[in-house]
Every structure is written in C-alpha cells, then in structure tokens.
Amino acid sequence: MQTMKALVKKERAPGLWLDEVPVPQVGEFDVLIRVLRASICGTDVHIFDWDNWAQRIIPTPMVIGHEFVGVIQSVGSHVHDFHPGMIVTGEGHVVCGRCRNCLAGRRHLCNNTSGIGVNRPGAFAELVVVPETNVWAADSNIPLEVLSCFDPLGNAVHTALSFDVLGEDVLITGAGPIGLMAIAIAKHAGARHVVITDINAYRLKLAEQLGATVACDPRTRTLQQVMKDLGMKEGFDVGLEMSGNGAALNDMLGVMCHGGKLALLGIQSKETAIDWDLVVFNGLTIKGIYGREMYETWYKMTSMLQSGLDITPVITHRFPFLEFEEAFALMKSGQSGKVVLHWSDL
Ligand code: NAD
Ligand code: ZN
C-alpha cells in the first residue's frame, strides 16, 4: 500500500500528529491532487484544541485541512475536464447534489454537506482526493499562497458582496484573516468608507495596510466617534460581522443607518442577545452567511484578483509542514494574519 505524510487528528485529545497514512483511493469521478501549499483555518485550530465542537463533529483518525492549492497527479476514469499537471484548488464543502437547493443550483445551501478535512480526509497531506465537482481550475498567474487561501477569501467575497457596497459606508467587525480580506474586497467593489474594529493591535495594523479608512479598537474609540470624525451622519449602510463576538455584533447594530444591511459570517455563541428594537424599528436586513457560492464566488474572486484586488498583506507567515506545531501556536497567539504551510514545490 502506498503511503504519504499527513497531519492527523489521531486521538480524541488536543494536538495533531504527523503520521504516515495510506494514500486515499481515487474514485471514478475523483481527482488526486499533490498539495503544494495549505493554509490554516480557525476550524483547524478548533480541531487541534479539541474543543466541544470538534469532539462532537470529528471522527478519528482524520486527516485535517481544507484550504489548499495543488497540482493534479491523476484523475478517475470518468473525469474529462481535469488533467495531470493542472494547478487547482478546491471547494471544501462536498454537497449531495440531490436536495432541493442543489437541484436548483444553490449548492452553497445544500442541507447535506460533507467537509474536506472535517468529515472526509483533508488537505494537510502530501496528497488529497477531491470529487471533480469540487475542483477549481486556478489561474496559474495568481501566486500559490493566495490560491491556498481561496476558501477563506471565498467567505470574505461571499459576505462582502452580499449587499451592494458601491458608494456605501461599510463597517466590518473583526480583523481576523477574513475581515482583513473583506476590507480590500469592499474597497475594490467601490465602497466609500470601510471601517473595521478589532481588539488586537497587530491585526488593526494589518487592516490599515489593506486599505481600511479607519481601523479602531472599540474600547478606546467608539464607532459613534469614528462616524463623527468621518462626517457620517446616518450610520453605516452595510455591516459585515466577522468576529463572532456578541459585543461586536451589538456595536454594529447600534450604528447602522435605517434600512441598513448586515451579513453575519462570525459564529456567535448561543448566549448572544441583541436589541431586537434596533432590527425592527430601524428596518434592518440580516443575512446569515455560510461558506461561499459554488461557483459564482470562485469566479468573482478570480476575476477581482485579475483586476487589481490584492490580499497579499493578509498572508503574514509561512512554515514547512514539518513545523506545524509552531504554525499552530502562532495562529493561536493572534499575532498573525493567514499562516500558510508549505507541502511541496511545483
Ligand atoms: P478570527 O477568529 O481569526 O478573527 C476574529 C477576530 O475578531 C479576531 O481578530 C478577534 O480579535 C476579533 N474580535 C474579538 N472580539 C472583538 C470585538 N469585541 N470587536 C471587534 N473584533 C473582535 O476568525 P476568521 O478566521 O477571520 O473568521 C471570522 C469569523 O467567521 C469567525 O467567527 C469564524 O468562526 C467565522 N467563520 C464562519 C464561516 C461561515 O461559513 N459562516 C466560515 C469561516 C469562518
Ligand atoms: Zn444538497
């Protein structure tokens, strides 16, 4: 049996194990990809830490990781559109194809998804198998490390483009990797002011590099003050909640203009309460965001990168995969943007 190196959740306990595992089987409709770069997502940190969510969801052993770019090594007998040598990335949500939403072409709303690196073997490995329906042929002019971030970039694009931002004032709460990418996207899409909040000074600095009009810590500079400084009178038109923090969501609700639109990507705790009066009396629209659209978001991220969108400042650190412990520790410290693992050269 052929084997490969992979980062595996081997035991039902905190940590990750660098292990030698069997190369996954390539089915008739599958594509075998040699991983070049893979980036670490918050989800991977949850799995590493073995929190309640991970304990409930992750079967062990499991090769984790779902943000990647690679080169096709081989394809199944029924795959005709992909060929060895192509640079590809992939959508991490494998959908059922048969539910109402899938049949209607709304695959991002499938009610029966399975996650690469969550429910099926992932991409923190020398090789990963992905169904051809989930493979995205990449523009090889886009840097590999940017391509390795297409999954979170897709979250950012899907959220930021959920509502029209042209000429609008946009508030983003949370300058994690996805919030940071959303700054550049909102600017690219024509927003007037893009204000972002975080409580992490390192990330607020990155936010400035990505073009935020104002990047502030809400504990020292309130959003009301920011609005005043910018000469804004009626509140933000579009809000992108990307912190998963209840206080941040409440801050946002308090500064939206009447008729404002909110897209919520951050995962709130069950205890988060909001002032519903603000929603009802101010006529707010709230949209929950999960994943990214297959494959409209993928098309848009490619075309925006081809026409000047630059998210490279978000990628702050690179590690060889053997140094995964250091890479995860850095992610957990909050003193990073996106952290990319190097798996192999082209
Ligand atoms: P992250 O955890 O790296 O970033 C969150 C940021 O919010 C951090 O920088 C943190 O300092 C900041 N924050 C904390 N409290 C704050 C406050 N009171 N005000 C402002 N900022 C505050 O996460 P990420 O990878 O950028 O992802 C963003 C969010 O989206 C997370 O909640 C993540 O779980 C979620 N997510 C959702 C989906 C989806 O499909 N819905 C997909 C990916 C990520
Ligand atoms: Zn489905």
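## Buried residues and N200

A residue counts as buried when its relative accessible area is under 20%. In this predicted model, N200 has a relative accessible area of 15% and is therefore buried. N200 belongs to the loop that runs between strand β12 (194-197) and helix α7 (201-209). When neighbours within four places in sequence are left aside, the contacts of N200 are with G334 and Q335.

## The chain as a whole

The protein chain contains 12 helices and 18 strands. Its C-alpha trace spans about 65 × 40 × 35 Å along the principal axes. A compact globule of 346 residues would have a radius of gyration near 20 Å, and the protein chain, with 20 Å, therefore agrees with that expectation.

Of the 346 residues in the protein chain, 55% are buried. Among contacts in the protein chain with a separation of 6 or more, 67% come from residues 24 or more positions apart.

## The surroundings of ligand 1

Ligand 1 is surrounded by 21 residues, of which the closest are I178, D198, R203, I289 and G291. Sorted by class, this shell holds 10 nonpolar, 9 polar and 2 charged residues.

Several polar atoms of the protein lie beside polar atoms of the ligand. For D198, a polar side-chain atom is 2.6 Å from an oxygen atom of ligand 1. The backbone takes part as well: a polar backbone atom of L265 is 3.2 Å from a nitrogen atom of ligand 1, and a backbone N or O atom of I267 lies 3.3 Å from an oxygen atom of ligand 1. On its own, ligand 1 has 860 Å² of accessible area, and the protein covers 80% of this.

C149 is placed in the loop between helices α4 (144-147) and α5 (150-160). With a relative accessible area of 0%, C149 falls under the 20% limit and so is buried.

Which residues does C149 contact once its neighbours within four places in sequence are left aside? They are S39, M181, I315 and K338. Although C149 and R37 are 112 residues apart along the chain, their C-alpha atoms are separated by 9.3 Å.

## Backbone geometry

Most residues other than glycine have a negative phi, and most peptide bonds are trans.

W50 has a positive phi, near 60°, although W50 is not a glycine. W50 is located in the loop between helix α1 (42-49) and helix α2. The relative accessible area of W50 is 7%, so W50 is buried.

T60 and P61 are joined by a cis peptide bond, with omega about -5°. P61 sits in the loop between helix α2 (52-57) and strand β4 (62-63). Another cis peptide bond links M294 to Y295, where omega is about 0°. Y295 is part of the loop between strand β16 (285-288) and helix α11 (296-306).

Note on methods:
Residues numbered from 1 in each chain as written. Chains lettered and ligands numbered in written order. Predicted model: local features only at pLDDT ≥ 70, side-chain atom pairs only at ≥ 80, totals over all residues. Heavy atoms only, no water. Near = heavy atom within 4 Å. Polar contact = N/O pair within 3.5 Å; in protein donor to acceptor, adjacent residues only side chain to side chain. Areas by Shrake-Rupley, 256 points an atom, 1.4 Å probe, with all protein chains shown as cover. Nonpolar A, V, L, I, M, F, W, Y, C, P; charged D, E, K, R; others polar. Helix = DSSP H or I, 4+ residues; strand = E, 2+ residues; numbered from the N terminus. Buried < 20%, exposed > 50% of the residue type's maximum accessible area, 1.4 Å probe, protein only. Contact = heavy atoms within 4.5 Å. Rg over C-alpha atoms; globule rule 2.2 N^0.38 Å.
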